[in-house]
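Reader: I would like to learn how to read a sheet and the helices around it. Please go through the general idea and then the case here.

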Amino acid sequence: MEGRMPKFAPILILLALSGFVLLIRNITSMEKLNCQTMSAFYQIQSSIHSVFKTPEALLSVELNHTYCAHLGQEPTAEEAREESDLLNSISWPGPLVPGLPLRLSSDPAQSYFVIRGPAEQQEGGQLVVDVYMLNFMGQPKKHGGDFLVARLHSPDLGAGVVGQVHDHRNGSYTVLFPLLWAGVVQVELTMVHPSEAVVVLKRLREEQPDRVFFKSVFRSGFLSETTVCNLCLPHKEQPLCNFTDLQTGEPWYCYKPKMLGCDTRINHSKGGYKKNLLTKNEVQFFQSGVNIKVPIHSSGMDNVTVLPAEKGETKMKSNKFTPAGYYYHDSWRPLSGTVMRQFNDSSAITQCLKGKIINMFGDSTVRQWFEYLNAFVPELKEINLHSPKNVGPYMAVDSGHSILLTYRCHGPPIRFTSVSSPEMHYVANELDRIRGGSGTVVLVGIWSHFSTFPVEVYIRRLRHIRRAVVRLLNREPATLVVIRTANLQKLDPESSLFNSDWFSQQQDVVLRAMFQGVNVQMLDAWEMTLAHHHPHLLHPPPTIIKNMVDLILSHICPVREKREAPSKRLKRDP
């Protein structure tokens, strides 16, 4: 037997190798196979993969919640001062004693408002409303911090405008409304959250920035692994893949796969939402119909009659609260000086966009503009880029009128179903690739997907976008840049913990402040959703979207003042 072994040895070795290869193929095709079962083949896979892979960035650092806000490039001294000022501007009052029971928290059903002044008031004036918050025991509140929103509206006229809420920090509030049209106007006041709930939201934002988690699939050949990713990851004894953007320094990490290298990542997707975030006491502050978006009623009259302005009087007095605009007959009327045009015919839009490149960047609320124009203007033909539905990128072209329309989502964090890794682009980097000019329009909206993170994270992202906008405008000052603000949305006990309007309101204040003084147009989605009679939705309904698009088009194609004939001017010249 020993004498015959050398003769058959090559055949036996070949059969053994064939069986081993077949076994490897069967095992690696099972994506969800237990990692312990795979450990026997780890050394083989690693040695094969190391021949082909490029160097990868690994981090074995300890990440905790406080580290999350301070990842990324170090801000300059001026930027650090700005950040401090921004955080101070959104500081929120609240209970002096934490952990108050429900019975001592704000009860919108027992709270009330009182309209100051007579039942008839003058157009161009200001309506003042006093609000008094009571707890569930019917006692007056002694501290502020309740999140209230207000609007004044005339349903028969399709008219509405937001109110400005002033917190006196003693349980009472004052709301100011401009009186912009004649007729019967009705006050609508809503408590979005009691101050006790806001305390909880602040805690979650700082302590649980990973309460929405993300995933990425890593794949090489038949082997595939899925790991958790985020802007900041909780401490675990596990190495990380570092996907920090090289241009902006925006951080992003995934846990390193056990079997694969970091360079094998193929996509990004929303993983899910953490559960059981609240204590038993905190849960009570988030009840639909009790203390989430509940109306506060008047103790007396809830409307006044506005009389038409007398001849010669200005419509708005300079010392009054001036909103961004208001609705009248369901049409938005900006108060910034922009003349609002109605683009009710697709041909008017085509003429306005002729020779233009419209670049849209941001979340799904910006994508709505692309979808509206693509559906309303028949000359626009969408190019099939084989992009996943609701993800993009998207492109539409009207070659006859030289119109190009594009949409691309912003970089992570983004809660889309699945985005291909090569399509994960940061807005600032995209802006740096745009030549610009009078034929270029840039629309940016980025807010919703940052609501679960500390505000410093949002400030950093806006800082990078602002730098890129300034560079673009320095290259081509004639470029039109429009920035979309946040909007209100429907809330329930669960969504409040991730997407509360309070988070959006904080971001809204920061966004406006950071782009103040930059030559951009601000599209006030906050006021355009709050002032309208439609229910609050993350994705505003078509009526509001049309008004937004009409406002954008009014900036692209403004109404030009008619010039007088030279002969008429000469007659008046001395």
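Author: Strands (E, at least two residues) and helices (H or I, at least four) are DSSP runs numbered from the N terminus, and two strands pair if DSSP finds at least two bridges between them. Here an open sheet of seven strands with mixed pairing runs in the order E20-E21-E22-E19-E24-E25-E26. The model is predicted: local features need pLDDT of at least 70 and side-chain atom pairs pLDDT 80 or more, whereas totals for chains, interfaces and linings use all residues. Residues are numbered from 1 along each chain as its sequence is written, and side-chain values use heavy atoms, leaving out hydrogens and water.

Reader: Which strands stand at the edges?

Author: E20 (381-383) and E26 (521-523); each has a single partner strand, so one side of each lacks a neighbour in the sheet. From one strand to the next, the twist averages 20°.

Reader: How many bridges join E24 to E25?

Author: Four, between residues 440-445 of E24 and 480-484 of E25, and the two strands run parallel. Val442 stands opposite Val481 in E25.

Reader: At what angle do H9 and H15 pack?

Author: Axes are lines fitted to C-alpha atoms, for helices over the stretch in contact, and angles run from 0 to 180 degrees between N-to-C directions. H9 (364-376) and H15 (542-556) pack at about 85°, with axes 10 Å apart. H9 is therefore roughly perpendicular to H15, a term for angles of 65 to 115 degrees.

Reader: Which residues of H9 and H15 meet?

Author: Contact means heavy atoms within 4.5 Å. Gln368, Trp369, Tyr372 and Leu373 of H9 meet Ile545, Lys546, Met548, Val549 and Ile552 of H15.

Technical notes:
Angles under 35 degrees count as roughly parallel, over 145 as roughly antiparallel, 65 to 115 as roughly perpendicular and the rest as oblique.
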